[in-house]
Every structure is written in structure tokens, then in C-alpha cells.
Amino acid sequence: MTIQPTGAERVAPVTGDLPRPGALTGVTVVIPTFNESANVRELLRRIADAVPHRVPCEVVFVDDSTDDTPAVIADAARDCAFPVSVLHRDTPVGGLGGAVVEGIKAATAEWVVVMDADLQHPPALVPELLATGEKEDADLVVASRYLPGGSRAGLAGGYRVAVSRGATWLAKGLFPRALAGISDPMSGFFAIRRGAVTADALKPLGYKILLELAVRCRPAGVAEVPFVFEERYAGESKSTAKEGLRFLRHLVELRTASPLARMVAFGLIGLTGFVPNLAALYVLTGAAGVHYLPAEILANQLGVAWNFLLIEVLLFRDRRHHRHWADRVGRFALLANADLVLRIPLIALFVGQFHLAVLPATALALLTTFVLRFAGTEALVYLPRTARRARTGRNVR
Ligand code: GDD
Ligand code: MN
């Protein structure tokens with residue numbers, strides 16, 4: 001039997017037949033690989049030493065390599081007494097996180113352990129992760145570098161240690177409930193019950209797959225086991241500075257998953273727009289000597305552009321493709337300026353008809369136009385157009 005995860009170009013079980021889904025009451029070890037040919041042989045050897053005689057296991061590599069890693073795995077797997085498969089992806093959708101989700105979808109055992117291929121995560125700990133999960137009746141067991149007995153000896157340099165610490169605090173501050181009981185949400189080494197994973201709800205982005213799982217799947221019961229994050233066995237880390245930006249985007253995406261949270265973020269981004277707006281006003285009316293009215297209009301456009309960029313990158317990143325960028329700019333700018341124009345008659349209405357004082361009338365008008373602008377931006381700039389296409393009878397892909 002072959003496993004057939006979606007989106008995979010090539011699926012190759014390299015030893016034996018994998019059991020049918022649900023047949024294995026043991027563990028599927030999911031290992032993402034990107035050019036790890038110098039590590040996989042030693043990795044499989046250490047898994048063979050530590051795991052199969054304690055828990056039935058299968059290993060699923062999800063590989064995005066451009067080197068001969070899959071061939072080396074296939075060769076090394078010949079000596080393994082447990083099933084090993086390689087799922088090679090020609091298009092590495094979602095990077096490391098996307099690879100892990102593919103691996104979880106292909107898993108057949110009751111437990112899934114996710115670990116790196118470079119031996120920074122000790123395979124000897126796998127049985128202990130599972131035993132802890134069973135003993136404490138937890139759905140998720142995290143191998144943590146921050147518990148007594150754990151350490152991050154292998155984290156190269158003070159810079160990476162500081163970044164890792166900062167990222168941990170930030171994540172825990174933003175998700176106090178989902179990450180309660182997880183001292184190391186940045187860990188890439190953990191065990192999760194397959195039944196606790198709602199794979200279709202996952203939208204992995206970059207490296208922090210544990211964060212994604214903990215926030216979106218909310219596993220019931222979390223336990224931790226300390227571990228020492230070792231030096232890499234061979235090769236180099238694939239993480240770059242870009243990964244840091246991706247992580248921040250990932251945090252925003254997770255935090256703004258609900259419409260209410262998205263509206264708050266929209267408002268906060270709007271507030272930051274005051275900075276370029278006022279700065280432009282200062283320059284235009286000051287040094288440039290422009291009359292304040294045209295200066296207001298020009299400065300407002302800068303604020304609009306600023307807001308548009310932030311909203312595009314942070315808030316509606318995955319909904320941009322519904323319209324051409326010029327179309328989105330146009331609609332966004334129209335809504336943002338309509339906001340200004342609409343506010344005055346609204347204030348007049350609140351004061352004249354509803355007899356509100358000017359200040360509360362203005363506050364109410366600000367709030368109303370803000371909510372309208374948010375709803376308008378969602379509906380007119382970033383909503384999929386399929387519904388309308390269907391109505392006009394054109395083909396929907
Ligand atoms: N399939 C696939 N696709 N695998 C990838 C990709 C990718 O795009 N990028 C990296 N990998 C694999 C690597 O081959 C390795 O097995 C594992 O993912 C981790 O990659 P490293 O490049 O070694 O990451 P790291 O050591 O910097 O980061 C690790 O430790 C961090 C804690 O400091 C990861 O486990 C992170 O998730 C973790 O936060
Ligand atoms: Mn590593």
C-alpha cells in the first residue's frame with residue numbers, strides 16, 4: 001500500500017508496506033528534510049536503537065531536498081526493521097511547516113512525533129515522550145529546552161539564544177491560554193495524538209509548527225519533557241533572517257483568525273497610519289509651504305498607502321490573489337477617502353437629528369465610518385469573487 005497525501009508529487013515507501021490507517025498503535029515519526037544527506041543514515045540508526053523495541057514505529061520523511069537525501073534515505077532504510085517512507089515534494093508548499101503537515105496527514109499511528117533530521121533532537125527521547133503522554137493522559141507532549149534538565153547547548157551563538165527567548169516571550173504573551181503549560185512553544189520536537197490534529201484547519205507558515213498546532217488545534221492536556229538541544233550532527237541550519245519575518249507574520253495570522261480580532265488589528269494599523277500622515281503634513285505645510293487643505297489631502301494619501309501596505313502584508317496576506325493589486329489599491333484608497341467625506345454629513349446628522357453634542361457625535365461618526373470601512377475593505381477588496389461569478393453563470397473553477 002502507498003500513502004497518498006495531497007499535494008505530493010512523488011510518494012515512495014522504501015521498505016515494507018505501511019500499515020493501513022489506524023492499524024498501528026504506536027508512533028509515526030515525521031521528519032522534514034531539506035538537504036540532510038549527511039545526517040539521515042545516523043538518524044535512522046539511532047531511531048532503530050531507541051524506538052522499535054519499545055514502541056511499534058514507522059518513519060515518514062517529508063523531503064524538499066535538492067540533493068540526494070531521498071536516495072540516501074532509501075539506501076539506509078534497507079537496514080531498518082520498521083517501515084520507512086519518503087514523501088518527496090517538488091514544490092515545497094509552506095516550507096518546513098507545510099512539510100510537517102503533509103507528514104501528519106500521511107501518518108497512520110496513534111501518536112505522531114515530529115523531529116528534525118539533524119540530530120539536534122535526540123531520538124532516544126521518543127519513547128519517553130509517548131510514555132509521558134499516556135501517563136498524564138495528554139494529547140500533546142513537548143520536548144522543552146527550558147525545563148530543569150533541558151538546555152539549548154546547540155543553539156549557535158548568543159544572538160540566536162536571545163532571538164529564541166524573545167520569540168518565546170512574544171508568543172506566550174500573545175497566546176497566554178493556548179500556550180499555558182508550554183514552556184518552549186518554539187520547540188520543533190514534540191509528540192501529538194493523531195486524533196487531536198485537525199489537519200485541514202492548519203495553515204502553516206515557516207518553522208513554528210508546534211505554535212500552529214497548539215493555537216489552532218487546542219490539544220486537550222499538555223505535558224512536557226526536558227531535553228538538551230544538541231549541536232547539529234552535520235550540515236548547516238536552513239533558517240535565515242527571512243524566517244524571523246515569517247514568524248512575525250505567522251503570529252499576526254494566528255492572532256487575527258477571528259473577525260473581531262481582525263477588526264482590532266485593522267484599527268491598530270489605522271492608528272499607526274497617523275504617524276506618516278502627520279509627518280507628511282508637517283513637511284508639506286512647513287518646509288514645502290503648501291496650503292493646509294491640499295496638504296491634508298496629500299498627507300492623507302500617505303497614511304492610506306502606509307495602511308494599505310501593512311494590511312496587505314499582515315492582515316489579508318492569504319486573500320490578496322482575488323484581485324489584481326492595482327484594483328485593490330484603487331478600492332482601498334476609495335474606501336479610505338470616502339471615510340473622510342462620509343464623516344462630516346454623519347456628524348451633521350447626529351447633531352441635527354439626534355441632538356448629540358459635537359464631541360460624542362464625532363466619536364460616534366468615527367466609530368461608524370471605521371466599522372463601515374473595515375466591513376467594506378473585507379467585502380470589496382479581499383472577498384473571493386466566486387459567488388458573483390456563479391451568479392452570472394460563468395464557470396467557477
Ligand atoms: N521538508 C522541509 N522543507 N524540511 C525543511 C525545510 C523545508 O523547507 N527547511 C528546513 N527543513 C528541515 C531541516 O532539514 C531539518 O531537518 C529541520 O527542518 C530543521 O531545520 P534546521 O535548519 O536545522 O532548523 P534550526 O535548527 O535552525 O531550527 C530548529 O530548531 C528551532 C529551535 O531553535 C527547528 O526545529 C525549529 O522548528 C525550532 O524552532
Ligand atoms: Mn537544526
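Trainee: With the side chain of which threonine does the side chain of aspartate 339 make a polar contact?
Mentor: Keep in mind that this is a predicted model. Aspartate 339 sits in helix α11, which covers residues 325–352. Its side chain makes a polar contact of 3.2 Å, and the partner is the side chain of threonine 369.

Trainee: And what is the length of the polar contact between the side chains of aspartate 339 and arginine 343?
Mentor: Aspartate 339 has a relative accessible area of 7%, so the residue is buried. The polar contact that joins its side chain to that of arginine 343 has a length of 2.9 Å.

Trainee: Is phenylalanine 316 buried or exposed?
Mentor: Start with its place, which is the loop between α10 (292–315) and α11. Buried means under 20% relative accessible area. Phenylalanine 316 has 0% relative accessibility, so it counts as buried.

Trainee: How far apart in space are phenylalanine 316 and glutamate 378, C-alpha to C-alpha?
Mentor: Along the sequence, 62 residues separate phenylalanine 316 from glutamate 378. In space, the C-alpha to C-alpha distance for this pair is 8.7 Å.

Trainee: Let's turn to charged pairs. How many salt bridges does the structure hold?
Mentor: One of them joins glutamate 42 and arginine 46, with 2.9 Å from N to O. Another joins arginine 232 and glutamate 36. For the structure, the number of salt bridges is 24.

Trainee: Why are glutamate 42 and arginine 46 separated by about one helical turn?
Mentor: Both belong to helix α1. Glutamate 42 is buried at 14% relative accessible area, while arginine 46 is partly exposed at 30%. They are separated by about one helical turn because their spacing in the helix is 4 residues.

Trainee: How many residues apart are arginine 232 and glutamate 36?
Mentor: These two form a salt bridge whose closest N and O atoms are 2.9 Å apart. The pair links distant parts of the chain: arginine 232 is in the loop between β8 (222–226) and α7 (241–255), and glutamate 36 is in the loop between β2 (24–33) and α1 (40–50). Both residues are buried. Their separation is 196 residues.

Trainee: Which residues are joined into one network by salt bridges that share partners?
Mentor: Begin with aspartate 139 and arginine 193, which form a salt bridge with closest N and O atoms 3.3 Å apart. Aspartate 139 is in the loop between α4 (126–135) and β6 (140–144) and arginine 193 is in strand β7, so the pair ties together parts that are 54 residues apart in sequence. Both of these residues are buried. Through shared partners, the salt bridges form one network of Glu110, Glu134, Asp137, Asp139 and Arg193.

Trainee: To finish, how far apart do the C-alpha centres of domain 1 and domain 2 lie?
Mentor: The protein chain is divided into domain 1, residues 2–236, and domain 2, residues 259–396. The distance between their C-alpha centres is 43 Å.

How values were computed. Residues numbered from 1 in each chain as written. Chains lettered and ligands numbered in written order. Predicted model: local features only at pLDDT ≥ 70, side-chain atom pairs only at ≥ 80, totals over all residues. Heavy atoms only, no water. Domains from an automatic or database assignment. Salt bridge = Lys/Arg side-chain N within 4 Å of Asp/Glu carboxyl O. Helix = DSSP H or I, 4+ residues; strand = E, 2+ residues; numbered from the N terminus. Buried < 20%, exposed > 50% of the residue type's maximum accessible area, 1.4 Å probe, protein only. Polar contact = N/O pair within 3.5 Å; in protein donor to acceptor, adjacent residues only side chain to side chain.
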